[in-house]
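Visitor: Before we go through this model, I would like each label set against its definition.

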Amino acid sequence: MSALKKVDWKRTASAYFWITVGSILYGFAFDWFYTPNLIGYGGITGVGQVVNAFIPAIPIGMFVLVINIPLFILGWKFIGGHLLVTSLYSMVVSSVAVDAFALIIDFQPMDQMLAAVCGGALIGLSLGIIFAKGATTGGTDLIARLVKLKLPWISMGNMLLVIDTAVVVLVALAFGNLTTALYGFIAQVVCAYVTDMVLYGLDTAKVAYIISEKAREISDSIVGQMDRGVTVLPGKGAYSGENKLVLMCAFKQKEIVNLKEIIFEIDPKAFIIVCDAHEVTGNGFKTYQKNDI
C-alpha cells in the first residue's frame, strides 16, 4: 500500500468515526430534549414529529429515512457521490439512533426552556461535527448544502435556521401549541450558533494592524520568531502628514500574547489594532477546497 493510499484510508476512517459519533449524538439529543418536551424541531425530522403525533405507529426515524430517498436521488446530480454516500451513512445512523434510543430509554419531560437550550446546543454540536466531516443528516440539511452551492456566503447555521423555522411553525400547529413553536425557535437559534461555532469558530484567527516607527524591525521579528507572514502597507498620518508603514499580520488567537511581546519590546509606543478574522485561508491556516462549507 502506497503512503498516499495509507493516509487516505486513515483520513476516511477518521471521518466516518466522527460522522458516527455526531449521528448517534444527534439521535440521543433529539429523544432526550425534543420529543418528551414537545419542542418543535425543523427539517424532515420535524415533519416526522407531526406525522408521528397523528399516526404513532409510524416511527420518526423510519419516516425520515423513507422521505430522504428522493432527496438523495435529486442531490446526486448536483453534489456528486462522496457527499451523498457520507450523508446517506449519517442519515441511516441518526435515524436508527432516534428509534433505538426511544425504545431503550424512557426519557422524562423537563423544563422546556432548559430542554430548548440544551437540545439546541447538542444538536448544533452534532451537526457541526457531521458537516465538518463532509456529510449531512439528509432532509433540510442536504437542502441547505445544495443551496449553499449557489449562496456560498451564507453560513450553514443561518441557512438551516431560515429553512427550519417554517417547519417549526408547522409542528406547533400540529401540536396546537404556540409555546412549542417559540421554544422550537429558541432551540433552532442555539443550534445555528453552535453549528457555526463548531464549523467556523474553533480555529479562531485574528488580524493585527501595526503602526510603528520601527516597522521594519518588528516585521523581521514577527517573521523570524513567529513564522507568520507580514504585509507592509503604505500609510500617511492625517494630522502630521508623515509617511508611515502599516504592518498587517494574520495570526491565531493563542499567539496574541507572543505577538504583543514582540511588538512592545521593540517599540513601547507602537499602535496596534486587532480584529477578528472570520476565516483565513492560506499558508499556516486552512487550505482551500472547492465547495467548502
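This is a predicted model: local features need pLDDT of at least 70, side-chain atom pairs count only at pLDDT 80 or more; totals for chains, interfaces and linings use all residues.

Guide: What follows takes the labels one at a time, with the value and the cut-off behind each.

Visitor: What makes up the protein chain in helices and strands?

Guide: The protein chain has 10 helices and 4 strands. Both are DSSP runs numbered from the N terminus, helices being H or I with at least four residues and strands E with at least two. Along the sequence the pattern is α-α-α-α-α-α-α-α-β-α-β-β-α-β.

Visitor: How do you know what span is expected of helix α5?

Guide: The expected span of a helix is 1.5 Å times one less than its number of residues. Helix α5, residues 112–132, has 21 residues and reaches 29 Å from its first C-alpha to its last, close to the 30 Å expected.

Visitor: Why is Asp-111 said to cap α5?

Guide: A side-chain oxygen of Asp-111 lies 3.2 Å from the backbone nitrogen of Met-113, at the N-terminal end of α5. A polar contact is a pair of N or O atoms within 3.5 Å; within protein, one must be able to donate a hydrogen and the other to accept it, and residues adjacent in sequence count only if both atoms are side-chain atoms. Just after α5, Gly-134 takes a positive phi of about 80°.

Visitor: Is Lys-206 called buried or exposed?

Guide: Buried means under 20% relative accessible area, exposed over 50%, and partly exposed in between, with a 1.4 Å probe and protein chains only. Lys-206 has 15% relative accessibility, so Lys-206 counts as buried. Lys-206 lies in strand β1 and touches, among others, Cys-249, Phe-251, Val-274 and Asp-276, not counting residues up to four places away in sequence. Contact here means heavy atoms within 4.5 Å.

Visitor: What is the label for Asp-227?

Guide: Asp-227 has a relative accessible area of 66% and is therefore exposed. Its place is in the loop between α9 and β2 (231–236). Phi of Asp-227 is near 55°, a positive value in a residue other than glycine.

Visitor: How do you know where the buried residues of α10 lie around the helix?

Guide: The buried residues of α10 (residues 256–266) are Ile-256, Leu-259, Ile-262, Ile-263 and Ile-266. Seen down the axis of α10, they fall within an arc of 130°, so they line one face of the helix. The arc is that of the directions from the helix axis to the C-beta atoms. The face turned away from the buried side carries the exposed residues Val-257 and Glu-265.

Visitor: Why is the pair of Phe-28 and Phe-107 called edge-to-face?

Guide: The structure holds 7 aromatic pairs. For Phe-28 and Phe-107 the values are 5.7 Å centre to centre and 75° between the planes, which is edge-to-face. Rings of Phe, Tyr and Trp (its six-membered ring) pair if their centres lie within 6.5 Å; planes under 30 degrees apart count as stacked, over 60 as edge-to-face and the rest as tilted. Phe-28 lies in helix α1 (residues 3–34) and Phe-107 in the loop between α4 (81–104) and α5, so the pair ties together parts that are 79 residues apart in sequence.

Terms used: Residues are numbered from 1 along each chain as its sequence is written. Side-chain values use heavy atoms; hydrogens and water are left out.
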